[in-house]
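Q: I'm new to this one and would like a close look at a single part. Could you walk me through it in plain words?
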Amino acid sequence: MGDEYGRDTQLPVFKILLIGDISVGKTCTLLRFTEDTFSDNYSSSLGVDFKTKQVEVDGSTVKLQIWDFEGNQQRFDQLAKSRYTDADAILFLFDITNKESFDNIKTEWLEKVSQNKPKSTCCHMVVGTKCDLSSLRVVTAEDGKAFASDMGCQFIDTSAKLSTNVAQMFNMVAHDVLTEYRKTQTDKESNWRNTEKDKKKKNGNCVISLLLKESQANFMSSMAASILVLPFSTCKP
Ligand SMILES: Nc1nc2c(ncn2[C@@H]2O[C@H](COP(=O)(O)OP(=O)(O)O)[C@@H](O)[C@H]2O)c(=O)[nH]1
Ligand SMILES: [Mg+2]
């Protein structure tokens, strides 16, 4: 059984967005994780929309539906708006050999995200890509960590080429979104319980007031009877 996007409706499905400048490695990261492939010649103008992968996390099986965007600002704007609002996680990718792609997260991508109002439980992560190119590195892991900590989220260095930290990164995200999901489920459950309790309380109050009314009525009618009977019974013939 599945919905229009091929989601298995039996499992929780978490929607994860990969965003960042063109050529930072979004498509390669997605393909490394979902198909365990990598190509040096992958055309960075191509995007693959989304792919899904089932993962085991914290004793649960969940589906990650991972969305890739082309990095083309205009197309991103057209496609992304509707997809932001129900995203469970947004990963901000930058290329560690390209300072501009890092700066653009602060100046452009974060702005875009906040404009499109993702849900308050949406998890964020800052991801440095191409960490196999360490000799060309211009953004240090410390810079990445400091920036992520300002955003209140985690930072991770990855390489789609060498498969470094790619699965770990998605597992970290799956853990974060599952934690949020469980919190929401618990909140929903306790709200439901409280509503049921309120309903029972109200019903209980109704029964008590009915009983009270009934006993009041009984009392009143017996009083009335004794008032009526009393004069006759006390009358001497
Ligand atoms: N050395 C190296 N190159 C990478 C890595 N990931 C992607 N690339 C290269 O970077 C270019 C852009 O990758 P792509 O995934 O298309 O970027 P996108 O535009 O963000 O989707 C391609 O030529 C890839 O081969 C990586 O981990 N290491
Ligand atoms: Mg791409």
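Which residues of strand 4 are buried on one side, and which on the other?

A: A quick word on the ground rules: this is a predicted model, where local features need pLDDT of at least 70, side-chain atom pairs count only at pLDDT 80 or more, and totals for chains, interfaces and linings use all residues. Residues are numbered from 1 along each chain as its sequence is written, while chains are lettered from A and ligands numbered from 1 in the order in which they are written.

Now to strand 4. On one side sit A89, L91, L93 and D95, on the other I90, F92 and F94, and all of them are buried, so both faces are covered. "Buried" means that 20 or more other C-beta atoms lie within 10 Å of the residue's own; 12 or fewer makes it exposed, anything in between partly exposed, and C-beta atoms are placed from the backbone. With 7 of its 7 residues buried, strand 4 is largely enclosed by the rest of the structure. For the chain as a whole, 28% of the 237 residues count as buried.

What about the partners of strand 4? It runs parallel to strand 1, joined by 4 bridges, and L18 stands opposite L91. It also runs parallel to strand 5, this time with 7 bridges, and here D95 stands opposite T129. Strands count as paired if DSSP finds at least two bridges between them. The elements themselves are DSSP runs numbered from the N terminus: helices are H or I with at least four residues, strands E with at least two. The chain has 5 helices and 6 strands, in the order β-α-β-β-α-β-α-β-α-β-α.

Zoom in on I90 and, leaving out residues up to four places away in sequence, you find L17, I19, V113, P118, C122 and H124 touching it. Touching, or being in contact, means that the two C-beta atoms, placed from the backbone, lie within 7 Å.

N171 is partly exposed, because it has 16 other C-beta atoms within 10 Å. Beyond residues up to four places away, N171 touches V55 and V57; V55 is 116 residues away along the chain, yet the two C-alpha atoms are separated by 7.7 Å.

Elsewhere, helix 1 is mostly covered too, with 7 of its 10 residues buried, including K26, T27 and C28.

Finally, how far can you trust the picture? The mean pLDDT (the predictor's confidence in each residue, from 0 to 100) is 83, and 73% of residues reach 70 or more. Over residues 229–237 the pLDDT is below 50, and beyond near neighbours in sequence that stretch has 0 contacts in the model. Where pLDDT is low, predicted coordinates should not be read in detail.
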